[in-house]
Amino acid sequence: MIGYTMVGTRDLERAIRFYDPLFEEMGIDKAWRDDQVASWGDKQDQTAPRFFTGYPFNEEVATVGNGVMTAFRIESTSKIDRLYEIAMTKGGADEGSPSFRPQYHETFYAAYVRDPDGNKIAFFCYDQ
């Protein structure tokens, strides 16, 4: 259903320094990079979903949408803990440390962070 997700940035180099180690930890390669945008996903499959960060096309300052979030499904709670640590050391801000969230589902485990531009991302799994 999702083709790609795009979040804006005011500093592409800073955004890449934030996202590169997260996607590396998730085993996802950088798919594209130019002076306006970077993306991660399957380089060989143009139909596979990708995550982009870049400067807005209209050349105005990137702003964050209230209530907008991208959530990445991760295979384990320990991997979520590691991704959260990486995000915090690369300039991210805490929006909810790793823990179970039984209000969503009894096995739902998640961490929520904001990137250096304020875009909200989540890492989650259903621990079994």
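Mentor: Happy to! Keep in mind that this is a predicted model. Let's begin with a pair of strands: β3 (residues 37-40) and β4 (residues 50-54) run antiparallel and are joined by 4 bridges.

Trainee: What holds paired strands together in general?

Mentor: Strands of a sheet pair through backbone hydrogen bonds, and the pairing can be parallel or antiparallel.

Trainee: Which residue in β4 is the bridge partner of Ser39?

Mentor: Ser39 is bridged to Phe52 in β4.

Trainee: And what is the strand order of the open sheet of 4 strands with β1 in it?

Mentor: The order is β1-β4-β3-β2, and the pairing is mixed. On average, neighbouring strands here are turned by 15° against each other, ignoring direction.

Trainee: Which strands of this sheet does α1 touch?

Mentor: Helix α1 packs on the sheet and touches β1, β2, β3 and β4, with a direction about 5° from that of β3.

Trainee: How many bridges link β7 and β8?

Mentor: Strand β7 (residues 108-114) pairs with strand β8 (residues 120-126) over 7 bridges, in the antiparallel sense. Look for Val113, which stands opposite Ile121 in β8.

Trainee: Where do the helices lie on this sheet?

Trainee: How do I read the way α1 and α2 pass each other?

Mentor: Look at the distance and the angle between the axes. Those of α1 and α2 come within 9 Å and cross at roughly 165°. An angle over 145 degrees counts as roughly antiparallel, which is why α1 is described as roughly antiparallel to α2. Their crossing is right-handed.

Trainee: Which residues meet where α1 and α2 touch?

Mentor: From α1 come Phe18, Pro21, Leu22, Glu25 and Met26, and they meet Lys79, Arg82, Leu83, Ile86 and Ala87 in α2. Sorted by class, this contact has 7 nonpolar residues, no polar ones and 3 charged ones.

Trainee: What pattern does the whole chain follow along the sequence?

Mentor: The protein chain has 2 helices and 8 strands, and they follow one another as β-α-β-β-β-β-α-β-β-β. Its radius of gyration is 14 Å, close to the 14 Å from the globule rule for 128 residues, so the chain is as compact as a globular protein of that length. Along the principal axes, the C-alpha atoms fill a box of roughly 45 × 30 × 25 Å.

Methods:
Residues are numbered from 1 along each chain as its sequence is written. This is a predicted model: local features need pLDDT of at least 70, side-chain atom pairs count only at pLDDT 80 or more; totals for chains, interfaces and linings use all residues. Side-chain values use heavy atoms; hydrogens and water are left out. Two strands pair if DSSP finds at least two bridges between them. Axes are lines fitted to C-alpha atoms, for helices over the stretch in contact, and angles run from 0 to 180 degrees between N-to-C directions. Angles under 35 degrees count as roughly parallel, over 145 as roughly antiparallel, 65 to 115 as roughly perpendicular and the rest as oblique. A crossing is left-handed if the near helix is turned anticlockwise from the far one by less than a right angle, and right-handed if clockwise. Contact means heavy atoms within 4.5 Å. Ala, Val, Leu, Ile, Met, Phe, Trp, Tyr, Cys and Pro count as nonpolar, Asp, Glu, Lys and Arg as charged, and the others, Gly among them, as polar. The radius of gyration is taken over C-alpha atoms; the globule rule is 2.2 Å times the number of residues to the power 0.38.
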